[in-house]
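User: I am new to this structure and would like to learn how to read its features one at a time. Could you take me through some of them?

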Amino acid sequence: PTQPVLAAETDLQYTRPNDGIVWWGMEAYAHPRTVKLAFVMGDAWDLYHSNETIFKYFNLLRPWENRSELVDATALLWPLSNSILGPTNSYIYRTPEVALASAQDWRPGVIGFQEHAWQATVNGSVPVFTTQPGAIPDRMFFFSALRNLVPLLTSAERGKYSSDDLVQLALGQAREHLHGARATPAPYGEYADDLWTGSASMPRVGQYKDILISLYRPPWNGKPDFLFPPRTHAYFPKALFDNVIDRISDLGWVIGRAGEAYVALHTSSKNNTWQTTGKFVDVELVAEGGRAAWVCIVGRASVYGTFANFTQIILGTTVTASFDDNMTITVRQPTGRVVSFGWDSTPL
């Protein structure tokens with residue numbers, strides 16, 4: 001539904017109940033263009049009586065079925081409502097020794113319920129990637145927030161508050177209603193089953209051959225923090241590499257070799273720590289700060305020669321980043337290659 005031209009080309013519409021099955025298969029339950037389709041489906045097939053389906057949530061929204069504020073509310077909750085499946089601009093750089101793959105510019109900022117934005121695979125089996133760990137909300141949370149937000153938009157008090165303020169109020173009400181108020185948010189998530197599944201907000205990824213840049217800019221300025229904890233993290237399993245050069249503390253780089261394959265990962269955060277307890281010791285690298293920039297460069301012995309040479313080139317590579325709304329990053333290598341990328345720039 002985010003691409004009306006594609007919908008037209010496939011003859012998918014927003015008013016026919018059978019089309020609703022297709023949209024819902026793409027998880028477009030409450031996108032601004034499809035939210036009212038649920039009522040069409042519910043009426044056509046008498047689905048409201050069941051408490052075991054998603055229609056129990058839509059049944060609570062029926063008082064606003066014909067109000068424009070319902071569509072407005074789904075648009076304001078775009079990080080949740082726009083997290084749907086659809087076409088992806090996938091890119092892969094692959095050699096016999098190493099691969100680097102990404103979903104480029106795939107809905108940056110939305111909550112990624114199960115999406116995996118990028119990954120380097122070293123020596124055939126060693127993964128390296130980043131996500132923003134957070135409280136990936138379940139469907140009930142979203143519909144509770146939606147149910148809270150619509151009355152706020154229809155209230156005579158609406159003009160006294162900004163739309164962002166109303167969204168924050170609705171999200172807070174949903175959390176308190178479903179999980180009770182907490183003085184301190186959970187460190188990673190009260191909804192997610194897995195620390196590495198999905199992402200609290202999807203990054204904007206740009207890749208060109210062997211270099212990738214991943215930018216994180218959570219929506220609503222990272223609020224509320226129980227949805228968007230102010231940190232990102234990397235999966236970098238040190239024990240699976242033959243050699244590891246860890247210069248995170250001073251230069252922001254960690255470099256690994258597995259067989260004839262090389263990988264380097266850079267964080268622009270100034271506050272980084274390796275996990276020292278639990279099952280992700282020396283695997284999870286946590287970078288504090290909601291806005292973040294990561295750089296991944298892969299290589300192989302047939303191109304760079306020795307691992308020492310690859311390491312020398314990487315440690316001579318400078319990364320400069322700004323964290324304003326445009327979020328620009330520039331990578332300069334001693335080989336003369338310069339790569340720049342930003343939140344609003346064209347893809348690499």
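Analyst: We can begin with a loop residue. N221 is placed in the loop between β6 and β7. Keep in mind throughout that this is a predicted model.

User: Is N221 buried or exposed?

Analyst: The general idea is to look at relative accessible area, where a value over 50% counts as exposed. N221 has a relative accessible area of 64%, so N221 is exposed.

User: What is phi of N221?

Analyst: Phi of N221 is near 55 degrees, which is a positive value in a residue other than glycine. N123 also has phi near 55 degrees, again positive in a residue other than glycine. N123 sits in the loop between β3 (118-122) and β4 (126-131). With 41% relative accessibility, N123 counts as partly exposed.

User: Which residues does the cis peptide bond at P224 join?

Analyst: Here the value to read is omega. The cis peptide bond joins K223 and P224, and omega is about -5 degrees. P224 is found in the loop between β6 (211-216) and β7.

User: Now salt bridges. How many does a search of the whole structure find?

Analyst: The idea is to look for a side-chain nitrogen of Lys or Arg within 4 Å of a carboxyl oxygen of Asp or Glu. A search of the whole structure finds 13 salt bridges. One of them is between the side chains of R62 and D43, at 3.4 Å from N to O.

User: Which parts does the pair R62 and D43 tie together?

Analyst: R62 lies in the loop between α4 (55-61) and α5 (68-76), while D43 lies in helix α3 (residues 37-45), so the pair ties together parts that are 19 residues apart in sequence. R62 is partly exposed, at a relative accessible area of 32%, and D43 is partly exposed at 45% relative accessibility.

User: What is the distance between the closest N and O atoms of R231 and E288?

Analyst: In the salt bridge of R231 with E288, the closest N and O atoms are 3.7 Å apart. R231 belongs to strand β7 (residues 231-235) and E288 to strand β12 (residues 284-288), so this pair links parts 57 residues apart in sequence. R231 counts as buried at 18% relative accessibility, whereas E288, at 30%, counts as partly exposed.

User: With which residue does K238 form a salt bridge?

Analyst: K238 pairs with D246, and their closest N and O atoms are 2.9 Å apart. K238 is buried, with a relative accessible area of 18%, and D246 is partly exposed at 32% relative accessibility. Salt bridges can also share partners: D11, R16 and D19 are joined into one network in this way.

User: Next, helix packing. At what angle do the axes of α2 and α3 cross?

Analyst: Two values describe the packing: the distance between the axes and the angle at which they cross. The axes of helix α2 (residues 17-25) and α3 come within 9 Å and cross at roughly 125 degrees. The two helices are therefore oblique to each other. Their crossing is left-handed.

User: Which residues of α2 and α3 meet?

Analyst: From α2, the residues are P17, N18, D19, G20, I21, W23 and W24, and they meet L37, A38, V40, M41, A44 and W45 in α3. By class, this contact has 10 nonpolar residues, two polar and one charged.

User: How do α5 and α7 pack, and which way do they cross?

Analyst: α5 and helix α7 (residues 139-154) pack at an angle of about 120 degrees, and their axes are 9 Å apart. That angle makes α5 oblique to α7. The crossing of α5 past α7 is right-handed. E69, L70, D72, A73, T74 and L76 of α5 make the contact with L146, L149, V150, L153 and T154 of α7. The residues of this contact divide into seven nonpolar, two polar and two charged.

User: Last, S268. Which residues does it touch, not counting those up to four places away in sequence?

Analyst: Start with the place of the residue, then look at its contacts. S268 lies in the loop between β10 (261-267) and β11 (272-274). S268 is buried, with a relative accessible area of 11%. Leaving out residues up to four places away in sequence, S268 touches A293, V319, A321, F323 and I329.

Key:
Residues are numbered from 1 along each chain as its sequence is written. This is a predicted model: local features need pLDDT of at least 70, side-chain atom pairs count only at pLDDT 80 or more; totals for chains, interfaces and linings use all residues. Side-chain values use heavy atoms; hydrogens and water are left out. Helices (H or I, at least four residues) and strands (E, at least two) are DSSP runs, numbered from the N terminus. Buried means under 20% relative accessible area, exposed over 50%, partly exposed in between (1.4 Å probe, protein chains only). Axes are lines fitted to C-alpha atoms, for helices over the stretch in contact, and angles run from 0 to 180 degrees between N-to-C directions. Angles under 35 degrees count as roughly parallel, over 145 as roughly antiparallel, 65 to 115 as roughly perpendicular and the rest as oblique. A crossing is left-handed if the near helix is turned anticlockwise from the far one by less than a right angle, and right-handed if clockwise. Contact means heavy atoms within 4.5 Å. Ala, Val, Leu, Ile, Met, Phe, Trp, Tyr, Cys and Pro count as nonpolar, Asp, Glu, Lys and Arg as charged, and the others, Gly among them, as polar.
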